[in-house]
Amino acid sequence: MKMSPIFLLLTAVPTLVAFGCGGDRRDPSTKAPAASVRPPVSVATVAVARDSASLVQVPARIRSRQQAVISGRISALVVSTPFREGDAVRAGETLVRLDDAPQRAAVAAAETQLSTAESESRRISRLVLKGAGTAREADEAALRLEEARSALAAARDLLASTSLRAPFDGRIVSRSVNPGDLAHPGVALLELQGGSALELVATLESSAIRSLRLGQKLRVRVDGVELPVDATIHSVAPAADETTHRVDILCNLARSAGLKPGLFARVELPVGPGSEPGPLGVPDNAVLRRGGLTGVFVVTDGRAWLRWIALGREGGERVEVRAGLAEGERVVANPSGLVDGVAVVERLK
């Protein structure tokens, strides 16, 4: 059956109306991001600024006040090395034993020469008493006797050098030889550090030592040690290094758990007027800590964005910012409860 055009038009109109109305509807299960539908949050913000340059941190290292590099005086095979790195040793204990066969033979030969010289000296002395010897012969015999004694002492000293002993109580921190290796004169075989007395070594620009004096107290932060450590300056190098033009200062360290030779440290030094500006800093209450990460909310174009940063020196009401922020940026104070990208209204502090 054929339908008229008027009937078809009337039938299509409700369908088009229904389609047009349904196209503007959103799925009720679809929600806009929280940051876009929340009303702006009022927050207090502070500017990232450089702290006062009254203190500056200088890299330093910790070492034992007693240290020795053990090396041999002769070329010889290494026979034994009874201690390993990390072992504690007592003063006088043998650290490295070298092959001493040639030295023992030299001592035996020197002892024979001395015995011969002593017999000859006694014989000449008897002849002189009988008038059968001359004073010159006696002097020559005495000279040969002294030479033999000196030769024996030198041979025994060389024999003793084949046993390298600890000069003080300490701990082996490095060992570069094993049994069977060939030791050479002056070449380091192992390094020994002694006792629990530690000191800090810092290398400074010559201009930085003007405000320092012997006995001055300084604060030191050591990697791996939670609390600052007190240090006292006990020595300032009398001359600068010819290459770097820098000066070493040495500080005694107070006892603190976790201190070990070789650790990296940063010592806080006072600086005078005209010095470089201090490091960037923010209030401690602006820092958000999550696990091992630290971050702040930076306000840009009316929104607060979470940014992870690297901190330096902490303690007190402000913390040092080593990376992640630029001077003049504004961060949220007390950012608890904020989400990344939320709209905010600033209250300047």
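The structure is a predicted model.

**A pair of helices**

Helix α3 covers residues 101–130 and helix α4 covers residues 135–160; their axes come within 8 Å and cross at roughly 160 degrees. Because angles over 145 degrees count as roughly antiparallel, α3 is roughly antiparallel to α4. The crossing of α3 past α4 is left-handed. In the contact between α3 and α4, 16 residues are nonpolar, three are polar and eight are charged.

**Salt bridges**

Side chains of opposite charge can pair when their charged atoms come close. In this model the count of salt bridges comes to 16.

| Pair | N to O distance |
|---|---|
| Arg65 and Glu199 | 3.8 Å |
| Asp100 and Arg104 | 3.0 Å |
| Arg307 and Glu329 | 2.9 Å |

The salt bridge of Arg65 with Glu199 has its closest N and O atoms 3.8 Å apart. Arg65 belongs to strand β3 (residues 55–71) and Glu199 to strand β10 (residues 188–205), so this pair ties together parts of the chain that are 134 residues apart in sequence. The surroundings of the two partners can be described by their relative accessibility. Arg65 is partly exposed, at 44%, whereas Glu199 is buried, with a relative accessible area of 4%.

In the salt bridge between Asp100 and Arg104, the N to O distance is 3.0 Å. Asp100 has a relative accessibility of 18% and therefore counts as buried, since the term applies under 20%.

The side chains of Arg307 and Glu329 also meet in a salt bridge, at 2.9 Å from N to O. This pair links distant parts of the chain, 22 residues apart: Arg307 is in strand β18 (residues 303–311), and Glu329 is in the loop between β19 (318–323) and β20. Arg307 is partly exposed, with a relative accessible area of 28%. Glu329 is likewise partly exposed, with a value of 23%.

Salt bridges that share partners also form a network, which joins Arg63, Arg65 and Glu199.

**The surroundings of Ile74**

Ile74 is located in the loop between β3 and β4 (76–80). Its relative accessibility is 9%, so Ile74 counts as buried. When residues up to four places away in sequence are not counted, Ile74 touches Leu98, Gln103, Leu158, Ser161, Thr162, Ala183, His184 and Pro185.

**Positive phi outside glycine**

His245 is a residue other than glycine, yet its phi is positive, near 60 degrees. This residue lies in the loop between β12 (229–236) and β13 (246–253). With 52% relative accessibility, His245 counts as exposed.

Asn334 is not a glycine either, and its phi is positive at about 55 degrees. Asn334 is placed in the loop between β20 (330–332) and β21 (342–348). Its relative accessible area is 53%, so Asn334 is exposed.

Methods: Residues numbered from 1 in each chain as written. Predicted model: local features only at pLDDT ≥ 70, side-chain atom pairs only at ≥ 80, totals over all residues. Heavy atoms only, no water. Helix = DSSP H or I, 4+ residues; strand = E, 2+ residues; numbered from the N terminus. Buried < 20%, exposed > 50% of the residue type's maximum accessible area, 1.4 Å probe, protein only. Axes fitted to C-alpha atoms, helices over the stretch in contact; angles between N-to-C directions. Parallel < 35°, antiparallel > 145°, perpendicular 65-115°, else oblique. Left-handed = near helix turned anticlockwise from the far one by under 90°. Nonpolar A, V, L, I, M, F, W, Y, C, P; charged D, E, K, R; others polar. Salt bridge = Lys/Arg side-chain N within 4 Å of Asp/Glu carboxyl O. Contact = heavy atoms within 4.5 Å.
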